[in-house]
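Dear colleague,

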Amino acid sequence: MKNFFIISILIFYYSFSVYCQKVEIAGKVTDETGEPLIFASVALKGSIDGTTANEKGEFSFLTTVKGQQTLVGSYIGYQSCIKDIFIEEENIYVDLILTSKITQFQEVIITAGSFEASDVKRAVVLRSRDIGTTAGATGDITKAIETLPGVQTVGESNGLFVRGGSGSESKVFIDEMVVQNPYYSPVPDVKMRGRFDPFMFSGTVFSTGGYSALYGQALSSILSLKSHSLADSTNTGGGIHAYGTNLFHVHRCENTSIYLKGEYNNLTPYNNTFKQITEWEKSPENIGITLNFRHKISKNDMFKFYANYSRTELSMKYNNIDSINRESLFELKNNDLYINSTYKKYFNEEKWSVFIGTSYSKDIDDAYIDSTNMSEHEELGQGKIIITNSSLPGMTFFSGTEIQFKNVVGKEGLLTGEINDIYTAGFLEGNWAVTSNIGVRLGLRYEYSDFLKEWNIAPRLSMAYKTGKYSQVSFAYGKFYQTPENEFLYYNHNLDFENSIHYIVNYQLMKDKRILRIELYDKEYRSLIRNIPGQDKAFNNQGSGYARGIDIFWRDEKTISNADYWISYSFLDTKREYRDYPIPAAPDFVSKHNVTVVYKHWISKISSNVGFTYSYSSGRPYYNPQRPDSEFHKDITPAYNNLSFNISKMLRIFGRSSVIYISMDNVLGEDHIFGYYYLPDNAGRIPIRPSGIRSFFVGCFISTY
Amino acid sequence: MNKIVVTILLHIICMGLFAQDKQYIETMKETIATMDTATSFKTLQQAANQFERIGDAMQNQWLPYYYSAYCYVQISYLVKPDQLKDLNIEKAEELNNSADKISPDNSEIYVMKGFILQAKMNIDPMTRGFKYNRECLGMFEKAKVLDPENPRSYLWHGVNLFNTPAFMGGGKEKALPLLEKAIEKFETFHLKSDIHPDWGKEYAEKTIIKCKN
């Protein structure tokens with residue numbers, strides 16, 4: 001018995017010493033391409049043993065643990081590598097190869113044609129706040145977008161004019177739902193602001209072409225705005241400015257937020273103070289109410305509701321060469337309602353998601369020109385469903401359908417035109433990160449218009465290839481269809497979609513808060529609307545055209561401390577043979593060269609942001625009836641130069657955080673001429689000018705934050 | 001005889017447990033020393049890795065995860081570009097949440113939550129300030145409620161105000177009383193063990209000097 005006891009103790013000590021014998025585990029930690037992962041962590045699961053790799057990715061450590069074990073290599077931004085090893089007495093050499101999680105910052109993102117402004121972690125060209133802080137933009141999303149390359153500054157008409165496209169070729173989307181009337185109703189020769197407050201949105205995607213199959217009915221460009229989810233906190237605020245006043249309240253509960261805003265604008269005091277070129281009989285007066293409701297039903301689903309109502313009244317005299325007095329009185333009363341509600345739910349660990357959206361808009365333009373009724377009433381109901389799946393690694397698919405019911409009634413004196421359309425579309429798209437360097441996006445869109453009795457299939461393809469750590473090349477191709485504008489549809493029922501084909505090649509270098517983008521594009525227009533000669537209000541689809549050019553964008557937030565600037569340059573070569581053009585010619589809304597420089601400087605001493613925007617556009621063609629048809633659009637307006645300046649000072653008023661905002665457009669007082677109206681019988685011509693030479697904006701905004 | 005065997009076996013088991021506990025404390029002490037004296041990304045990363053390994057091995061200790069999170073926040077201030085800073089902060093959040101699960105309602109962990117949010121804001125204060133600042137201050141407030149004697153909640157609340165521009169409701173004058181209170185609490189702070197959080201006093205003193213200038 002005693003012997004047994006001694007023996008067992010001996011055995012115990014023997015095994016203990018064996019147990020304590022240390023084994024070395026060594027190896028190298030690399031990524032898939034063999035690059036060492038410096039200072040990666042290596043651990044034996046369940047024990048404290050392990051180490052940190054050195055500068056060459058090599059590691060070695062001693063352990064006393066024995067038997068079947070698991071070795072784990074981990075590194076930030078990479079999937080952990082797990083290896084089973086069996087530890088006996090010999091040293092072990094094992095290599096650990098980690099695969100990169102496709103984290104947003106390494107992922108190849110297709111950049112051809114698209115500018116993204118958002119607050120997400122990924123590096124972006126623009127940030128949401130840029131829209132509010134760009135001089136000359138005065139909080140108008142459209143005007144901020146005009147500082148990007150490929151966008152033409154057109155001072156007298158609504159819309160975004162992109163790469164030789166007209167304003168109506170660009171569509172605006174809020175939370176994936178199309179907005180029928182994103183701008184205040186058109187007024188002759190006056191550019192109206194966008195209806196939407198830029199601070200409502202946390203993300204903006206602006207595409208100058210080659211966009212996703214999710215979007216249709218836009219020949220040139222889309223602007224997709226993503227509204228905020230829950231408001232950050234309860235807050236009340238308001239502002240008073242040169243054009244009016246507003247007041248808002250946001251209430252935030254745990255999973256719900258409600259935002260209510262009322263505004264009243266009246267330009268009478270402003271127009272009386274500063275001399276206007278436009279003769280206002282009644283300066284624009286507008287009231288607006290916005291309601292925003294957000295509810296996070298659970299961790300995985302979100303409901304958003306947005307409603308906006310506004311009423312605008314104005315009247316003005318404008319140059320009208322067709323009228324006997326060469327001047328007409330334009331009167332407008334507009335009522336606009338827009339409702340948008342969306343619901344999104346994620347399933348199965350966010351591998352699946354469903355999006356359901358509906359929107360309704362009613363826009364009533366009661367317009368009169370010298371008491372001739374020119375009213376237009378538009379109504380649009382829309383539904384959209386999108387299902388997204390991302391269960392396969394590196395792949396995302398979505399598919400969905402949409403339907404739009406549209407009714408438009410347009411009057412022109414005693415004539416009444418009506419459009420009743422049911423538009424349906426289906427779309428399917430796949431995003432595939434082929435390797436960590438190559439990304440492909442392939443999409444298809446089907447559309448049918450019940451009014452036109454026509455259908456189309458539009459393919460979309462984009463690819464991106466990372467040429468280096470900071471640079472990439474992308475390519476985009478796509479076909480885009482759009483229903484002709486209302487004015488052509490009222491009296492013609494046999495028209496087809498207009499269409500365009502985009503080819504885009506893009507190079508982007510993004511390093512250390514500096515961005516360089518160069519983009520070449522070619523756009524072919526087909527089936528454009530053409531007037532049938534000799535017939536009034538008769539059109540066919542035999543028009544065509546092209547637009548090609550180069551866009552260059554440079555942004556630098558690094559070189560000058562506390563300052564940020566960007567420079568955009570666009571060269572555009574375009575011609576069209578459409579509408580009533582006798583020969584292929586550049587449209588009157590395009591200029592060959594466009595340059596924009598935006599500069600912003602934060603001066604912390606006076607807690608102010610100071611900035612200027614300079615834009616130059618070479619002259620635009622205009623119609624001169626004194627020339628023969630073969631010289632159509634041969635004449636060019638003077639070049640456009642505009643320097644805007646702004647300063648926003650942050651301060652506390654009544655102990656609340658506030659901003660005082662001052663801005664001035666066309667500081668140098670340049671004479672801007674957008675074109676000419678020629679009077680009959682060689683009686684001279686009237687230039688088309690903006691409504692005022694300079695424009696000012698002064699405002700003060702207070703919140704309870 | 002049986003009694004002797006049982007006694008010896010018990011003794012060995014107790015020895016083992018004691019040794020394990022002792023080893024834990026020793027390793028923690030060593031790693032804390034590495035972290036405290038770290039001047040480079042390399043040593044901080046080593047400490048972060050080591051803390052995480054300890055945490056994974058022990059499973060029921062919040063301190064290793066807490067310290068690992070603390071290391072990652074410090075790393076986030078050293079690395080570039082911003083996206084990499086964000087990845088490090090995300091990692092810190094993950095680790096601190098693991099600590100939170102093991103030890104809920106722990107004042108130190110709430111201070112760390114605020115400290116992490118602070119680092120997140122610092123990457124892009126103009127864009128993120130509005131979004132995270134309230135949440136961040138909320139964490140320090142909660143930390144104060146959970147343990148009014150914790151000096152670090154006053155310290156980081158003070159530092160937050162010090163870094164917030166006056167027009168946003170911050171400023172030196174508002175920061176100073178909080179920082180002074182932090183110093184007061186540091187003087188009387190009772191350390192639970194050698195390995196419990198005991199950092200920030202020097203930083204508080206430095207910030208007070210900056211406030212007074």
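This is a predicted model: local features need pLDDT of at least 70, side-chain atom pairs count only at pLDDT 80 or more; totals for chains, interfaces and linings use all residues.

Where chain A and chain B meet, the contact takes 26 residues from chain A and 27 residues from chain B. On the side of chain A that touches chain B, the elements that give two or more residues are β2 (41-44), β3 (50-52) and β38 (640-653) of chain A. The largest share of that side comes from β38(A), which gives three residues. Sorted by class, the side of chain A that touches chain B holds ten polar, nine nonpolar and seven charged residues.

Turning to chain B, the domain assignment gives domain 1, covering 1-104, and domain 2, covering 106-213. The centres of domain 1 and domain 2 of chain B, taken over C-alpha atoms, are separated by 24 Å. Where these domains of chain B touch, 23 residues of domain 1 are in contact with 13 residues of domain 2.

On the side of domain 1 of chain B that touches domain 2 of chain B, at least two residues each are supplied by α1 (2-37), α3 (62-78) and α4 (82-102) of chain B. The element that gives the most to this side is α4(B), with nine residues. By class, the side of domain 1 of chain B that touches domain 2 of chain B has 14 nonpolar residues, together with six charged and three polar residues.

With best regards

Conventions:
Residues are numbered from 1 along each chain as its sequence is written. Chains are lettered from A and ligands numbered from 1 in the order in which they are written. Two residues are in contact if their C-beta atoms, placed from the backbone, lie within 7 Å. Helices (H or I, at least four residues) and strands (E, at least two) are DSSP runs, numbered from the N terminus. Ala, Val, Leu, Ile, Met, Phe, Trp, Tyr, Cys and Pro count as nonpolar, Asp, Glu, Lys and Arg as charged, and the others, Gly among them, as polar. Domain bounds come from an automatic or database domain assignment.
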